[in-house]
Amino acid sequence: KEMLTRLFKPFEQESANTAKQFGGSGLGLSIAKNLVEMMHGVIQVDSIQGQGTVFTVDMPFDKGQDTHTITKEELKDIHALVVDDDEASLEYTALVLSRIGVRFDTAKSGDEAIKLLEQSYDNDDGYDVCLLDWKMPGLSGIDITKKIREEFDPDTVIIIVSAYGVSECHDEATSAGANYFV
């Protein structure tokens, strides 16, 4: 029973024998709990030793609407800006966007992103969507979001991308004008 109070903490395992027998680092349930909470849900556990364990996840989803499948032809009309100081993340996102046919530009810094924004809007070719890394040296994704909302386009879809917990930046990013978080 006392293990249940520590179950969702990082690096927790019932005993050293558990790690030896089954492997793992004790991060799985901690990560699951963080993901559920980022989506404003709750995860609970009921367990009786020797009988079994039940995990219950409660998520606040609305019933979805029927939508049509987006074609590659429709995607080619999307103009995206991807900003990330991590080269591997930038390359991966560019690869995915390229494969699905989205037209995009990439920037490795906030300053570079601002220059691309200025150029694209000067040419009447603004961005439909911006994927912005939350934490970067210099201008952060939130700084860029504010600038987009103030100087460029109040309707551009802005997605804040973070390797950290979204809860850390959610309120500030929402106030700045971000639409979504990944």
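## Ground rules

This is a predicted model, so local features need pLDDT of at least 70 and side-chain atom pairs count only at pLDDT 80 or more, while totals for chains, interfaces and linings use all residues. Residues are numbered from 1 along each chain as its sequence is written, and side-chain values use heavy atoms, leaving out hydrogens and water.

## The sheet

Let's start with the strands. Helices (H or I, at least four residues) and strands (E, at least two) are DSSP runs, numbered from the N terminus. Five strands make an open sheet in the order 4-3-5-6-7, with parallel pairing. Strand 4 (103–107) and strand 7 (180–181) each have a single partner strand, so one side of each has no neighbour in the sheet.

Two strands pair if DSSP finds at least two bridges between them. Strands 3 and 5 have 4 bridges, in the parallel sense. A80, for example, has V129 in strand 5 as its bridge partner.

## The cores

A nonpolar core is a set of buried Ala, Val, Leu, Ile, Met, Phe, Trp, Tyr and Cys residues joined through side-chain atoms within 4.5 Å. Buried means under 20% relative accessible area, exposed over 50%, and partly exposed in between (1.4 Å probe, protein chains only). The largest core has 23 residues, and L81, V83, L117, L132, I144 and I160 touch the most other members. Among the elements supplying at least two residues each are strand 3 (79–83), helix 5 (110–122) and helix 6 (141–152). Helix 5 gives the most, with 5 residues.

What does L117 touch, leaving aside its neighbours within four places in sequence? L117 is in contact with L81, Y127, I144, I148 and F152, where contact means heavy atoms within 4.5 Å.

## An aromatic pair

Rings of Phe, Tyr and Trp (its six-membered ring) pair if their centres lie within 6.5 Å; planes under 30 degrees apart count as stacked, over 60 as edge-to-face and the rest as tilted. By this rule there are 2 aromatic pairs. In one of them, F8 and F55 sit edge-to-face, 6.4 Å centre to centre with 80° between the planes. F8 lies before helix 1 (16–22) and F55 in strand 2 (residues 52–58), so the pair ties together parts 47 residues apart in sequence. F8 is buried at 16% relative accessibility, whereas F55 is partly exposed at 39%.

Most residues other than glycine have a negative phi. H40 has a positive phi near 60°, and H40 is exposed at 59% relative accessibility. D124 has a positive phi of about 55° and lies in the loop between helix 5 and strand 5.
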